[in-house]
Amino acid sequence: MRVMRSVNLLLAALVVPTVLAAQTYPSGKDPRSTLKPGRHDAGISTSNMKLVSTTPKAAQFDTVRGLTFVNSDMAFGGKYVYQANFAGFTILDISNPAKPEVVSVTRCITSQGDPSIYGNLLFISAEGAGNRNDCGDGGVQDPKDHMAGVRIFDVSNPKAPKLVKNVQTCKGSHTHTIVPSPTDKKTIYIYVSGQQAARPETELAGCKNGNDPADATNSLYQLDIIKVPLNAPEQAKVIPGARIFTGLDGGGECKIYCAPSSGRPAGAGRPQPAANMPDGPRNCHDVTAYPAMNLLLASCTTHSILVDIKNPEKPFRIDAIMDTNNFQGRHTAAFSNDGRKLIQTDEWGGGTGPMCQASSMIELGGNTILTLDAKNKQTQRAYFKLPAAQSAEENCVAHNGGIIPVPGRDLYVQGWYQGGVNIMDFTDADKAFEIGHFDRGAINPPRPVDVPAAAAPAGPPVRGNGNTIGGSWGAYYWNGHVYSSEMDRGLDILELTPSDMLSANEIAAAKLVTYTEFNPQSQPKYTWPAAFVVVRSYLDQLVRGNGLDATRTKAIDAALTDAEAKTGAARATALRTLATQVDKDAVGAKDSARVKTMASEIRRLAAAK
């Protein structure tokens with residue numbers, strides 16, 4: 001999230017773009033568009049998902065005062081969810097997803113609190129002028145007490161987390177991403193995205209603002225990197241950063257949808273960069289690592305930047321592409337499981353404004369799908385945005401999400417603030433579409449039509465004259481459920497339900513993928529065990545997409561049922577025979593590639609013990 005000036009947001013919403021012909025807009029006829037408002041009793045709309053439980057925000061954070069106590073991102077480890085808050089974090093035991101239990105609540109002013117977990121270490125991002133080394137309230141009175149960087153907590157006893165170290169960085173940490181060392185299991189690296197200008201050297205030695213991206217002494221134009229020895233986290237230290245911005249031009253950004261950009265407001269008392277800064281990016285909002293492929297995808301305002309991280313201490317830029325539509329702020333990145341498709345989200349308006357109204361174009365504030373060629377060059381493809389119009393009382397724009405491990409498909413579950421949670425299918429990079437959602441009505445009711453806007457009561461510093469900031473900060477699939485960090489209401493746990501868009505076999509296959517630890521911005525590579533539901537997932541997809549003649553899909557279904565009833569060598573023989581038949585089906589099939597993959601999965605199942 002980026003907190004924007006109210007005036008700039010209003011201008012961004014009211015502007016008439018230069019090019020109108022190709023624009024599309026969300027539908028106002030969707031059931032999500034007319035849900036009853038209410039903080040805890042709002043109307044709910046669901047499709048292909050069901051709500052398993054809602055755990056209210058901890059009492060220590062239960063306030064709607066601006067951004068001070070909103071829930072932010074999550075990390076997952078063992079039986080725990082680590083849910084961050086601008087004023088600390090909550091550890092919840094989700095052994096029973098229907099009845100999560102709060103294990104502990106840690107108060108620690110740490111805007112915005114982006115979390116990651118690695119073993120017994122919890123890492124929390126800290127940015128801004130009000131964070132103190134001791135986690136206390138009341139603001140920073142003495143610069144030596146200012147904390148901006150990454151806090152490290154020992155959570156080996158989840159009932160009593162202990163602060164191990166504050167790792168200070170020059171620009172603070174808006175977000176961060178863990179990159180494990182590929183050669184040393186006892187070392188991890190934290191790539192830090194700091195949004196503010198460099199702190200004064202009198203506050204932190206070695207910090208320096210500047211306008212030369214090639215100047216290695218300049219604290220700007222780099223991602224900070226923290227090296228963490230896992231056996232001695234108190235020795236974590238900042239090492240030379242990732243200088244991936246040199247030579248990037250920010251000019252010529254607006255080519256199609258030309259709404260005016262608006263920068264982040266200057267923080268009170270913070271040093272500001274030089275006025276003659278180059279117009280290319282100097283930082284990123286989020287970066288997503290894909291360690292299994294030694295890649296990192298960075299969301300850097302105007303640019304999508306692909307980085308090689310084979311040596312985490314010496315990363316280098318592979319490719320960079322500017323959007324063609326005037327992305328206001330690239331926010332979050334993701335990879336398809338095979339690493340050939342990319343997602344970049346656009347936090348149009350900074351996350352505090354209602355950017356999903358019927359008058360808000362779909363080409364801004366949503367997702368862009370890109371593809372990589374054999375040389376890892378990016379090509380921009382389709383746009384996708386929440387298709388349902390939201391009300392003027394709901395802050396809504398694309399935000400954080402992650403991959404759902406359904407074999408044969410590329411599915412992305414994502415939070416949209418008060419737009420709720422939805423699932424995007426981007427298997428076809430040119431035709432992304434929605435297959436499921438969960439949404440509540442606005443937290444605030446609409447104002448009476450006879451009350452002038454000027455008479456609206458003063459409220460938090462957000463667009464909308466005091467509307468409450470809330471909704472899903474991020475939604476992630478982990479070990480069989482979707483978890484959504486509700487900024488105002490608490491923690492939602494959802495479950496996928498079968499439909500013509502998502503089969504029971506596909507849901508069951510996704511549940512076969514489990515991990516003991518998950519940090520959404522350090523993306524794992526999903527693999528599936530050999531299983532009948534994996535094979536049937538491909539079969540369901542061929543039926544849904546008419547990828548193979550119906551007479552053959554029915555015959556394959558019957559053969560799988562027959563094989564599943566057998567055991568041992570008889571089952572293996574039946575499956576090998578079926579795989580040979582399916583090989584022949586691939587010739588001339590509408591979706592030959594999927595048929596071949598299904599044959600391969602049948603053989604893998606035949607070989608499984």
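This is a predicted model: local features need pLDDT of at least 70, side-chain atom pairs count only at pLDDT 80 or more; totals for chains, interfaces and linings use all residues.

**Entry 1: cysteine links**

I searched the whole structure for disulfides and got 4.

I then checked where the two ends sit: C356 is in the loop between β20 (341-346) and β21 (367-372), while C396 is in the loop between β22 (378-384) and β23 (401-404), so the bond ties together parts that are 40 residues apart in sequence. Is C356 buried or exposed? With a relative accessible area of 1%, C356 is buried. C396 is buried too, at 0%.

Next I looked at C108 and C135, which form a disulfide with their sulfurs 2.1 Å apart. The torsion about their S-S bond is about -60 degrees, so I put this one down as left-handed. C108 belongs to the loop between β6 (101-107) and β7 (112-118), and C135 to the loop between β8 (121-126) and β9 (149-154), so this pair joins parts that are 27 residues apart in sequence. I have both C108 and C135 down as buried.

Then came C284 and C300, with 2.0 Å between their sulfur atoms. Which hand does the link of C284 and C300 have? I read 70 degrees about the S-S bond, and the link is right-handed. C284 is in the loop between β14 (237-242) and β15 (286-290) and C300 is in strand β16 (residues 295-300), so the parts tied together are 16 residues apart in sequence. C284 counts as buried at 1% relative accessibility, and C300 is buried at 0%.

**Entry 2: two helices**

I moved on to helix α3 (residues 532-544) and helix α6 (residues 592-607), whose axes come within 9 Å and cross at roughly 165 degrees. That makes the two, α3 and α6, roughly antiparallel. I logged the crossing of α3 and α6 as left-handed.

Which residues make the contact? On the α3 side I listed F532, V534, V535, Y538, L539, Q541 and L542, and on the α6 side R594, V595, T597, M598, E601, I602 and L605. Sorted by type, the contact residues of α3 and α6 come out as 10 nonpolar, 2 polar and 2 charged.

Terms used:
Residues are numbered from 1 along each chain as its sequence is written. Side-chain values use heavy atoms; hydrogens and water are left out. A disulfide is a pair of cysteine sulfur atoms within 2.5 Å. Helices (H or I, at least four residues) and strands (E, at least two) are DSSP runs, numbered from the N terminus. Buried means under 20% relative accessible area, exposed over 50%, partly exposed in between (1.4 Å probe, protein chains only). Axes are lines fitted to C-alpha atoms, for helices over the stretch in contact, and angles run from 0 to 180 degrees between N-to-C directions. Angles under 35 degrees count as roughly parallel, over 145 as roughly antiparallel, 65 to 115 as roughly perpendicular and the rest as oblique. A crossing is left-handed if the near helix is turned anticlockwise from the far one by less than a right angle, and right-handed if clockwise. Contact means heavy atoms within 4.5 Å. Ala, Val, Leu, Ile, Met, Phe, Trp, Tyr, Cys and Pro count as nonpolar, Asp, Glu, Lys and Arg as charged, and the others, Gly among them, as polar.
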